[in-house]
Amino acid sequence: MSLESNPAATAETTSTPSALLEVRQLSMRFGGLLAVDGVSFDMRPGQIFAIIGPNGAGKTTVFNCIGGFYRPTSGTVLLDGQPIHGLPSHRIARQGLVRTFQNLRLFRTMTVVENLLISQHTQLETRLLSGLFKTPKYRRTETEALERAVFWLEKVGLLHLANREAGNLAYGQQRRLEIARCMITHPKLLLLDEPAAGLNPQETRDLDRLINALRSEHQVAVLLIEHDMSLVMGISDDILVMEYGRPIATGTPAEIQRNPRVIKAYLGEE
Amino acid sequence: MPRNLLEAVLVALLAGLLTVPILGIHIQVDGIKVSLQGNAMPVLAIMAVVFAARLFQVPQKAATGMAYLSQRLPRPPRLAASYRPVLIGLVIVVAIVWPFTASRSAIDIATLALIYVMLGLGLNVVVGFAGLLDLGYVAFYAVGAYGYALLSMHWGLSFWACLPLCVLMAAATGCLLGFPVLRLRGDYLAIVTLGFGEIIRLLLNNLNALTGGPDGIGNIAKPTLFGLEFAREPSTEGGVTFHQFFGLDYHSIDTLIFLYLVALGMALLILYVINRLIRMPIGRAWEALREDEIACRSLGLNPTTIKLSAFGFGASTAGFAGAFFAARQGFINPESFTFIESAIVLAIVVLGGMGSQLGVILAAIALTALPEIARQFAEYRMLIFGLVLVLMMIWRPQGLVPASRPRLELPERAETAP
C-alpha cells in the first residue's frame, strides 16, 4: 500500500449535503474553562481528517464530545445528517462511529480474539434461550463472528496471538488490536486518538499503511488526533489546527504548513 | 542479622498483642462472681513460635519476568479435552450414589454445602464476572425463602410451582434495586447493597402481619416427588406418601436423601446455565464490563442493561437457592439472613477464585463441611477463617482454582471479507 490519496475524496473540497460528519460551533465548558470554543468542520465519506495542536488545545475534548462521552455545552454534531450530540455514547457507537483511546482501553485480561468478539456484541444473537440451547442460528452467528475476528487478526498481523491475553501483548500490537476491535464493527467513521503515540518509526510506517488500507478497502472515514507530523502530513486529506480550544486554521497539509498562524502556534513568536 | 533479630522481636510482640485477648485471658466463674484470669502459657508459646519462624525465615528470592508470572499464576493442569466429559460424568454419578451409603449427618451437611454452592455460583456471576461488589446478596436469598414460605402457606402452592415464581421474584427485586444503584461503582455499590441487605432483613423482622416478624414462619411444606410426600403419614386426607406408593418401609433418611438429590439437581442446573452464559455474548459482555466500562460504551454496548442482567441473574440464583433453603429447613426467620451470610458467600467466591466455577464449588464445600467436621474447634472457627483469608490474600490472591481463559478454536483461515 503506497501513500496515494483517494482521488474521489480529494476532488471536492467544500462541504456538500452528503457530508458524513458535520460539526457546527461545538463548545465545551468545564466550569470556568472553555476547553473547546466554536469548532466547526465537515468530513466526507472516506476522508482522512486530522486534528492537530499543542498539548491541552482541546483535541481529545472534541473527540469526547463527538463520541458522546461528554455532552457538549453548545453546538451540533450531525452524522449522516442525523443529530448525535447529547446521545449516550453506546447509541452513537451503534450508528457507526467508534474510537480508540489515547491510553489504550483493551479488555486486558481477556484474550485477543475475545476482545474482537465483544466489539461484535451488538451484531450477535444475544437472546438467552438460543444461546442456552445452542440453536443453529446462534451457532452460525458465533462462527461468523469468529471468522470476522480471524480476518481482522490476519489484517493487523496478530493471528498467531489470538488466544493470548490482550494485556500481555507488546505496546504496538495492543494499538493494532484496538484498531481491529473498532474496524470489526463496520464503522462509517473511525476516531483515532494519537494512534502513533509510543510507536517506533517502523511501527508508525506500518500504521500509516494500515490506515490507508482501511480507507481504500473498507471505505471508512478516519478522524485522527496525532502529534507525529510526518504521519499527519503524509496521510491526511485535510487538517484542523486548534490552539487553546479555538480552531485557528483548516486546510490541506500543504496549506497548513505554510499558514503563519500555525507556525506561530507551534514555534512561538519570532 | 541484628535487623533480622529486631524484626523477629517486633513480630513476636505483635503476635503476643493479638493473641492475648483470644488465648491469654480466661473467664473465671465463681458462683455469681465473674473474674478474668491471665493465662500466659499459650501466648508465650505462640510468641516463641512466631519469633523463631521470623528469625530463621529464608528470604524469598524475588523471581523476575516470566518466572515471576508463572510463579504467581500457576495454571492448573489442563485435562485432555476428551477426558473432561468422562470425568464430569463420573463425579456426577458418585454424587448421586453417595447419599445411599452415607450417614444422616453427612447427607445433611452435604445438602447445606450444595445450597452454598448455588449461592456461590450466583454471586460469582455478579462479583467474579461482572465485577460488581454486592454485599447484600443475602437479601435475594431471603426473598426466595420468604417467597416460597408465604406462597406455600397462603395459597398452598407446591415447591415445584413456587420455584420459578421465587426465581422471578428475586430477579425482579434485583432489577428493582439495580436500576437506581448500578450507576455507582466499586465501594459505593458495596455500601448501598450492604444497606439493602439490612433493609430486607429489618422488613422481615418488622412486618409482623406478613412475615411473622422474629418468630418467622414454620411448617413449610417439603418438596414432593410428583406429588408423593416424604413422611410417615400423608398430611392431607387421602394423600399417598412415597413409601406407601412404592410399598416400602418408612425410613426417615429417605427424606434427607431426596432433599440432597433435589439440591444436587438444582446446583447442576445452575452450573450448566452459568457455564453456557459465560461462553455466550452476554457472559463475555459481563467480563468486558468488569475490565473497562468506557471501552464497552465506545463499542456500542449498553452498560446499564449488561449490569442489570448480571445483577438480576445473580439475584435469581439466590432466590432459587432460598426457596430450597426454606423447604429444607421447614422453618425460617430473619436470623438466617444476616450480613454474615453475605460475607460467607463472598468469602466462598474470593477463596475459590473470582470467575472460577470449580474453585467456587470447592470453596463452598470446604467452608460448610470443614466447620461441621471439626466441631471440637468450633470456638476457633472465625479465627481460622480469618487466618485462611489473610494467608490466601498473601499467597494465592487469585483463589484456590484461578479462572482460566477459555481457548477458542479458530475457524480455518477465513478468506472472505466480512
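**View 1. Where chain A meets chain B.** In this predicted model, 34 residues of chain A are in contact with 28 residues of chain B. Several elements of chain A supply at least two residues each to the side that touches chain B: helix H3 (89-94), strand S6 (97-99), helix H4 (112-118), helix H5 (128-132) and helix H6 (136-155). The biggest giver on that side of chain A is H6(A), with six residues. Sort the residues of the side of chain A that touches chain B by kind, and you get 13 nonpolar, 13 polar and eight charged.

**View 2. The two domains of chain A.** Where the two touch, domain 1 of chain A brings eleven residues and domain 2 of chain A brings ten. On the domain 1 side, helix H8 (residues 201-218) of chain A gives the most, with four residues. That side of domain 1 is made up of seven nonpolar, two polar and two charged residues.

**View 3. A four-stranded sheet in chain A.** Here's an open sheet with the order S2-S1-S4-S5 (chain A), and the pairing is antiparallel. Strand S2 (33-43) and strand S5 (82-83) of chain A stand at the edges with a single partner strand each, so one side of each has no neighbour in the sheet.

**View 4. Zooming in on S1 and S2 of chain A.** Strand S1 (residues 21-30) of chain A runs antiparallel to S2(A), and seven bridges join the two. To pick out one of these links, look for A:Leu21, whose bridge partner in S2(A) is A:Met43.

Note on methods:
Residues numbered from 1 in each chain as written. Chains lettered and ligands numbered in written order. Predicted model: local features only at pLDDT ≥ 70, side-chain atom pairs only at ≥ 80, totals over all residues. Contact = placed C-beta atoms within 7 Å. Nonpolar A, V, L, I, M, F, W, Y, C, P; charged D, E, K, R; others polar. Pairing = 2+ DSSP bridges.
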